[in-house]
Amino acid sequence: PQRQHQSAPELGGRVPRVRFSHVRIRQYERILGDNPSCSSGPSVSIGWQYDESLTRTVGLDEYEYYRESPEPSFMAALSGYGGGNGGG
């Protein structure tokens, strides 16, 4: 039997939408990786741990503005990020 897409009755026929207003940026630890195709030196991966003191929450518009920047490290431009303490 062929299925047809039907709107969910609990939504009253409305199309569900998702919106984002903020971006949380975290700096995760770097760990020894397990990539077998690494051709020179050990492979490096990111771990599960992150530094909460370096975590920043920025508005989506600000993030998009700096993300499109030609600067190689747009993260440093985000307000309060890095702070000259080697995290950025």
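Leaving aside its neighbours within four places in sequence, V44 is in contact with R30, I31 and G33, where contact means heavy atoms within 4.5 Å. The C-alpha atoms of V44 and I31 are separated by 5.8 Å, although these residues are 13 apart along the chain. V44 lies in strand β3. With a relative accessible area of 61%, V44 is exposed. The classes are these: buried is under 20% relative accessible area, exposed is over 50%, and partly exposed is in between, with a 1.4 Å probe and protein chains only.

A word on the source. This is a predicted model, in which local features need pLDDT of at least 70 and side-chain atom pairs count only at pLDDT 80 or more, while totals for chains, interfaces and linings use all residues. Residues are numbered from 1 along each chain as its sequence is written, and side-chain values use heavy atoms, with hydrogens and water left out.

Now the overall layout. The protein chain has 1 helix and 4 strands, and the order along the sequence is β-β-β-β-α. Helices (H or I, at least four residues) and strands (E, at least two) are DSSP runs, numbered from the N terminus. Of the 88 residues in the protein chain, 16% are buried. The accessible surface of the protein chain is about 7,800 Å², and 49% of that belongs to carbon and sulfur atoms; these areas come from the Shrake-Rupley method with a 1.4 Å probe, and for residues only the protein chains shown count as cover. Among contacts in the protein chain with a separation of 6 or more, 47% are between residues 24 or more positions apart.

Next, S43. S43 is in the loop between β2 and β3. Is S43 buried or exposed? S43 counts as buried, because its relative accessibility is 12%. Its side chain reaches the backbone nitrogen of D34 at 3.3 Å and the backbone nitrogen of N35 at 3.2 Å. Both are polar contacts, that is, pairs of N or O atoms within 3.5 Å; within protein, one must be able to donate a hydrogen and the other to accept it, and residues adjacent in sequence count only if both atoms are side-chain atoms. Not counting residues up to four places away in sequence, S43 touches I31, L32, G33, D34, N35 and C38.

On to β1. In a regular strand the side chains alternate between the two faces of the sheet. β1 and β4 run antiparallel and are joined by 4 bridges; strands pair if DSSP finds at least two bridges between them. V23 stands opposite V58 in β4.

T55 is buried, at a relative accessible area of 11%. The side chain of T55 reaches the backbone oxygen of D51 at 3.4 Å. Not counting residues up to four places away in sequence, T55 touches R24, I25, R26 and Y50.

Last, Q27, in the loop between β1 (22-25) and β2. Q27 counts as partly exposed, at 24% relative accessibility. Q27 and E52 are 25 residues apart in sequence, and their C-alpha atoms are 8.2 Å apart in space.

That is where I will stop.
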